[in-house]
Amino acid sequence: MTKSSTANPAQSNNSLYDLIEAGDYDGTVAYLAELPPADRYKRRNDLLHIQIPYDEIELSRARDAALFLCGVTRDIVNAGSPWGWRFRLSPEDFVDLWRRFKPRATEDFAEELLKRNLVDSNANRCIAIVHALYLADLIPKPQTESYARTFAQSNVGSWADEDPKLLREPLLQAFEVEGGLIYDAESTHDHKQQFYLRLIREGIFSRSLLLEKTIGTLEKPWSQHHSGWFAHFHRVLEPTANEMQQFAERYLSLCHSRNTLTINVAVTALSTLYRHEMVSTNELMPAVGTVLSATTKGLIDSALKLLDQIVNKEPTLSKEAAALTIVALSHTAADVQKKVIDRLTAWGMTDATKDRVRALLPQVSAKYREQLATISGQGEKPAPPKANIDENIPSAQGPSSPLDETRRISAINDLAELVERTAYVLENNTDIDEFERVLDGLVRLVPSRLPDVRKQFLPVLKRAHKLKPDNPNYLYDKRVARAMARFILFLFDDEKVPLIASYCNPTDMPCVLLCRRIDDLMDFVTQKKTLSPLASPSHRRGFIDPEVLVHRIAAHIAADAQTSLFEQVLSLLRLAPGHNKNAQTTARELPETPYTQALRYALGDTVAVGKNKELFIAAGRARHPGTDDPDLIATYGDIGPDGAHAARYPLSSAPYNPIGSPTKWQLTVSPAPVRLPLEYISIARHQGIFYQGGQECLLGGSYWRLDEGLIKFSATLTPSCLDAFFAQATIALVRNIDWVNAEWCNSAFLSLLLDPAVPMNGLETITLALGLVGKEPGQSTLAVDALVATWQDGRLNVPALGKVFQQMLANLSFNARRLQKTLKAATQSHQTAPRMAFDLLCIALVQEPGDLNKEISSLLDFLLELAIELGLPLPPLTRSSIEQMQISGKGKAIQKDLLQHAVS
């Protein structure tokens, strides 16, 4: 047993402490029984500081009994460890102590314990404790939502014999509480559903009551995750047509739900009711028409089959059914469109329906467009596609200049604007350009005018106090805004908030570098110079115009301003690429210092490499972005990635499998990372991303702790070469490509691809490819936008992206259907995109003979559609590869059609 504070309980009450240390539960309770309540309460603080090893059960039981008798409710509810609630008293112990002592800890005890149960899987005994207290008549019957949710999530079968009436109300209330009952699709046996069925058999509930409750729950606007249990329970109940008849009108209404599972329940029930003539055609057909506009293929298929039933039974309704089905022609899946066309052909159409069909022809797959045009009575066949579509290919424009005038960051020179923009940054953690702009304004305008301007900043200062990163339980969010808060608190209140590990963990290198910059600027503002920091960007995404930096350095020298080595290094790394002759000439007039020598080297001037490694490494990265610097190699040798040598990140399909990733891809870096002071920014940033693994370095570290703001800040560290940034993006996206954990911040990596100044080199292309095959819809949508944007402005290297897709398909774990879906979305976003998708697929589908990705037929089907639409033949290499593919099932027919229709 250990004590977590300097206070020694043994000195204040030796007998109680000895009894606990001996694990004497009965002795502890007997000792406290001799004390009045006020004296027991005095022992509370000492007991809170006693820590007991997890496996010391008897010691824990004795200490917990003492804490229950001496403490308050929150002491028991919050007891435990970082791994969850840990209180060793049994329900019987609680009942016994409650009866004998009526301790302080009983106030709101049941409700608070139930709330803990909901958020902590280790606290699942709480409901048993509450029930034991209720059955002992020590507390009233719980009636709150917390009780209903906890009850629904617990294994309540063991209480059925003790008090069956106790079960009825909360079990029914569980149908009213969102999140009370969750369906586990991977479980083969849902115990809670079986328990409800058992209660039906025992007569506690009627089938009609539970069916009505289930339908009522499905009518609620809950998420699919929260309503899934009830949809599945409806199937488990297996209601008969007679049982469902009284709810026919409600099933019709459920067809308008936004929840796929709910609609499926409704369609299945209505199909049964229609077969038994318990729902009229006039009521049924409008509801079915609503389902046909769904995005889920299975729902459309069910609705079409229900229309088949209606037409088979009442042939006179065939044309009315046909009019309903045409809404499904807008579905993106070609096989859905084919099913609709087959029914339109069989059922016939009115003239009005044919007019509507002809209007939808452009949205229909090219494979079926001619057939649909024929049955709709179009006077002319659709115009044949043009084989020569080179005009649809964007000119090779390439990335725009990072120093384009539209990208310039305007300085803040007005205090009112500075207050407003500072408040904005504290609430908008991801706007890094504005963060840098405000930081520059605060450094220039405020220190020399304190304390006169403090009153104007009081609202901002109040918000900064709330964002102060001083809570040890801080969860990794808003760290850019919190960095600004630290700076504001120092600037106005002279409070330098210390950095705690949970906020600035050494493995979170972007945060470490951000905090170091803030600390250095705190030192700088004490000089009260009306100067911009050396590393303040002049243009978006961290770039500094070389001429701006040269003039800024001259101003610092004239004002005798002292700037940290870290700030000097960062300013060199942020220099825009290219040798600026005007800046070179002006820089030669600056006084000779290690920093100005490194600046001249960065600008391409002839300068001997100096002894100040930190400065010249940064200058070399600015002079040779993304490539080796031969002069630095000759002088310094190998000192880590992005030192004298540019970092390289080979990607391979090796046996190493990152946690949470279904792929076998791994990223390595060379040269190997080394631990150096933070002033070696370009080298130090690799710490926490990679770890040593033999001769090369494998992905690793705590990159999942990053938030979107930190990710965007890390892109400003070396803006002229984003290889390290996109290496981190590749690691993050590969690790969580199937969305094992909700890593929303990963969208920040993809959003950078929308910047027209970002070139699409190797790792940028891999990041885009990973975004296009990811599971999370928000990220894949952002990746589609990036794909179209990079294609339109001429940055996209189509052959390179096609090769990445080729590698992905060879790695059988990647989901080819997702790629088909995102490429199709891209073709619908711009008229030039179908050619891009065609070229990408022609490269990607060149595969070695052998095992194929199980979803490859979806790509073949889409390629067939594009080939027909564009009137283009397959390249010989693509055609040869497809001919050799061993495909079965529906894919075999698609393969045959593709080889027939796309003949060179």
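# Reading the helices and loops of a predicted model

Trainee: Which residues does Arg437 touch, not counting residues up to four places away in sequence?
Mentor: Arg437 belongs to helix 26. Touching here is contact, meaning heavy atoms within 4.5 Å. With residues up to four places away in sequence left out, its partners are Ile409, Ser410, Ala411, Ile412, Glu417 and Arg421.

Trainee: What kind of model is this, and what pLDDT do local features need?
Mentor: Residues are numbered from 1 along each chain as its sequence is written, and side-chain values use heavy atoms, with hydrogens and water left out. The model is predicted, totals for chains, interfaces and linings use all residues, side-chain atom pairs count only at pLDDT 80 or more, and local features need pLDDT of at least 70.

Trainee: Is Arg437 buried or exposed?
Mentor: Buried means under 20% relative accessible area, exposed over 50%, and partly exposed in between (1.4 Å probe, protein chains only). Arg437 has 12% relative accessibility, so it counts as buried.

Trainee: How many helices and strands does the protein have?
Mentor: Both are DSSP runs, numbered from the N terminus: helices are H or I with at least four residues, strands E with at least two. On that count the protein has 47 helices and eight strands.

Trainee: What share of contacts with a separation of 6 or more comes from residues 24 or more positions apart?
Mentor: Start with burial: of the 904 residues in the protein, 55% are buried. Now take the contacts with a separation of 6 or more. The share from residues 24 or more positions apart is 70%.

Trainee: Which residues of helix 27 are buried?
Mentor: Helix 27 covers residues 458-466. On its other side, Pro459, Lys462 and Lys466 are exposed. The buried residues are Val460, Leu461 and Ala464.

Trainee: Why do the buried residues of helix 27 line one face?
Mentor: An α-helix has 3.6 residues a turn, so residues three or four places apart point the same way. The arc is that of the directions from the helix axis to the C-beta atoms. In helix 27 the buried residues line one face because, seen down the axis, they fall within an arc of 100°.

Trainee: How are helix 21 and helix 22 oriented to each other?
Mentor: Axes are lines fitted to C-alpha atoms, for helices over the stretch in contact, and angles run from 0 to 180 degrees between N-to-C directions. Angles under 35 degrees count as roughly parallel, over 145 as roughly antiparallel, 65 to 115 as roughly perpendicular and the rest as oblique. The axes of helix 21 (residues 318-325) and helix 22 (residues 334-347) come within 9 Å and cross at roughly 155°. Helix 21 and helix 22 are therefore roughly antiparallel.

Trainee: Which residues of helix 22 does helix 21 meet?
Mentor: Helix 21 brings Ser318, Lys319, Ala321, Ala322 and Thr325 to the contact. From helix 22 come Val340, Leu344 and Trp347.

Trainee: How do the residues of that contact divide by class?
Mentor: Ala, Val, Leu, Ile, Met, Phe, Trp, Tyr, Cys and Pro count as nonpolar, Asp, Glu, Lys and Arg as charged, and the others, Gly among them, as polar. For helix 21 with helix 22, the division is five nonpolar, two polar and one charged.

Trainee: What is the hand of the crossing of helix 13 and helix 15?
Mentor: The axes of helix 13 (residues 191-201) and helix 15 (residues 224-237) come within 11 Å and cross at roughly 45°. The two helices are therefore oblique. A crossing is left-handed if the near helix is turned anticlockwise from the far one by less than a right angle, and right-handed if clockwise. Helix 13 passes helix 15 in a crossing that is right-handed.

Trainee: Where is the cis peptide bond that has omega near 0°?
Mentor: Its proline, Pro451, lies in the loop between helix 26 and helix 27. The cis bond runs from Leu450 to Pro451.

Trainee: What is omega for the cis bond joining Ser670 and Pro671?
Mentor: Pro671 sits in the loop between strand 6 (665-669) and helix 36 (681-684). Omega of the bond is about -5°.

Trainee: Is Arg541 buried or exposed?
Mentor: Arg541 is in the loop between helix 29 and helix 30. Its phi is near 60°, a positive value in a residue other than glycine. With a relative accessible area of 6%, Arg541 is buried.
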